[in-house]
Structure formats: C-alpha cells, structure tokens
Amino acid sequence: MSRSAANALPRLESAGLDGWMVRLFEEIDEANLPWITALARHCESAFADTLVDLVPSYTTLLVVFDPVRLSPTEAQQKIAALLVELAPDEDIGTGQVHELPTFYDPSVGPDLDRVAGHTGMTVADVIDCHSRKTYRVFALGFAPGFAFMGLTDPRLECPRLDTPRKKVPVGSVAIAARQTAAYPTATPGGWNLLGRTSARLFDREREGFSLLRVGDEVRFVSVSREEFERQGGDTTPMEAAG
C-alpha cells in the first residue's frame, strides 16, 4: 500500500497530542482485517516501548503513544514509513475459535419478531441465518469486552432501534446493520436483540479480561432453554422495544 494524497486513503488523522487515527478504508469489509492486523503488528515493532495502545476497528487503527518520549510529528513519520510498503497479513487465522451457546427466543430476544418482519423472513429463518455463520471479531470497544463481529448474512441487515434501551441484559446477542455482538455487561444499547448467551464474555479474573479478541472467530450455537439454564444462563424475560 503506497502513500497517497491528503484526502485519499490511507491517511492519518490527528487524535490529540498522543494519538494518530490511521484510516485505511471507508467501508466495512472482511478483506480489511489483514491490512489492519499487519499495520498493528508493524506498529508494535516500530514504536516498541513508546507505544501505549492500539485500537483496531473495521476501517481504522488508532495508534496511541507516549507523548513525553515521542512527539506527534515523530509518531506520524513512523506510521507514514510503515504505510509505504504495507502488505496484508497472509494468514490471520491465528485467533481462537469460540462457540457461544445461545438461547434464541422472543422472551430474551424481544426483537426477533421485528427483525423477521423487517427482513421478510420467519423467526426460525432469522435464527438459522444468524447461527449458521462464523463471524470474525473486528474490534473491541463501547464497553469492556464488547466485540464487534461481522459480517452477517446480507438478508439479516437491520437498522438499530430508533430509541436505545436504557439497559440490555448481560449476554444479550444482537445485530445492527451487518454487525453482530453479545453484550458482556448490562449496558444501554440500541441493537436488535435475538437471544442470550451463557458465555462469560468479560471476567476480571481472566487474563486480558475479554473472552473475545480481534481476529478471533465466533459461532453462535443454538441451544434449548433447558440447556441454557443448565449452563447458568439467565432466562429473565424482557419486553420488545416500543
């Protein structure tokens, strides 16, 4: 990937005195991830102990550095040099594969009927469509352990709720646009809820806290109410969005 004009891609956008946002793409695509993981890997090497954090997303990589030891200009020059000859990782299949047991039901997935109506599918088809695909973790954010995954089957594309819920239960499995996720903690949220997983997605006793990491692969495995409860899942129902 070669350097290009200021308004073209890739480009560097200032993220304050201690960060640069590297915008590699404009649209979400599974083919983006090898480029983003490659740049992250090279940044780790180039910045060494002056690197504070790397935050990948679907289309960007946020590079946070120590401003006491490195000026914004020096950091910019390091990143620009990496972009000159950046090539995508040939193999990103090094992440873990996770199967998340999921109870799909209107009682815990109150937007199932709405999604079915929006997509012209039956509820059974929505569940089958969502659970048959393997998803890649593209980014972590919003809340600790919240993994943005994609891409869902195009038939499942559905907008966020007009009014977000004030509290979404732990483990809620949801979709928005062509993304899917499971809520690691009880937080506000505007995604469409399809069900609930019993997997513990965020644990302060776990190294790294989050079960899922960028590059991991995830499958939502449909289980019965009985199996879900046996695994410690919470079947407390919730109402559909207004």
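**Notebook: the barrel and its helices**

I looked up the sheet and found a closed barrel of 7 strands in the order 5-12-9-10-7-6-13, with mixed pairing. Its neighbouring strands are turned by 40 degrees against each other on average, direction ignored. I took axes as lines fitted to C-alpha atoms, for helices over the stretch in contact, with angles from 0 to 180 degrees between N-to-C directions.

The model is predicted: local features need pLDDT of at least 70, side-chain atom pairs count only at pLDDT 80 or more, and totals for chains, interfaces and linings use all residues. Residues are numbered from 1 along each chain as its sequence is written, and side-chain values use heavy atoms, without hydrogens and water.

I noted the terms next. Strands pair if DSSP finds at least two bridges between them. Helices (H or I, at least four residues) and strands (E, at least two) are DSSP runs, numbered from the N terminus.

Then I followed strand 13. Strand 13 (residues 217-222) pairs with strand 5 (residues 97-104) in the parallel sense, over 6 bridges. There, Val 221 is the bridge partner of Pro 101. Strand 6 (residues 135-140) runs antiparallel to strand 13, joined by 2 bridges. Tyr 135 stands opposite Val 218 of strand 13.

I checked strand 7 (residues 147-150) too. It is antiparallel to strand 10 (residues 179-182), with 2 bridges. Met 149 has Thr 180 of strand 10 as its bridge partner.

Last, I looked at helices. Helix 3 (residues 112-119) lies across strands 5, 9 (172-176) and 12 (192-197), at about 130 degrees to strand 12. Helix 4 (residues 123-131) packs on the sheet, and its direction makes about 150 degrees with that of strand 13. Contact means heavy atoms within 4.5 Å.
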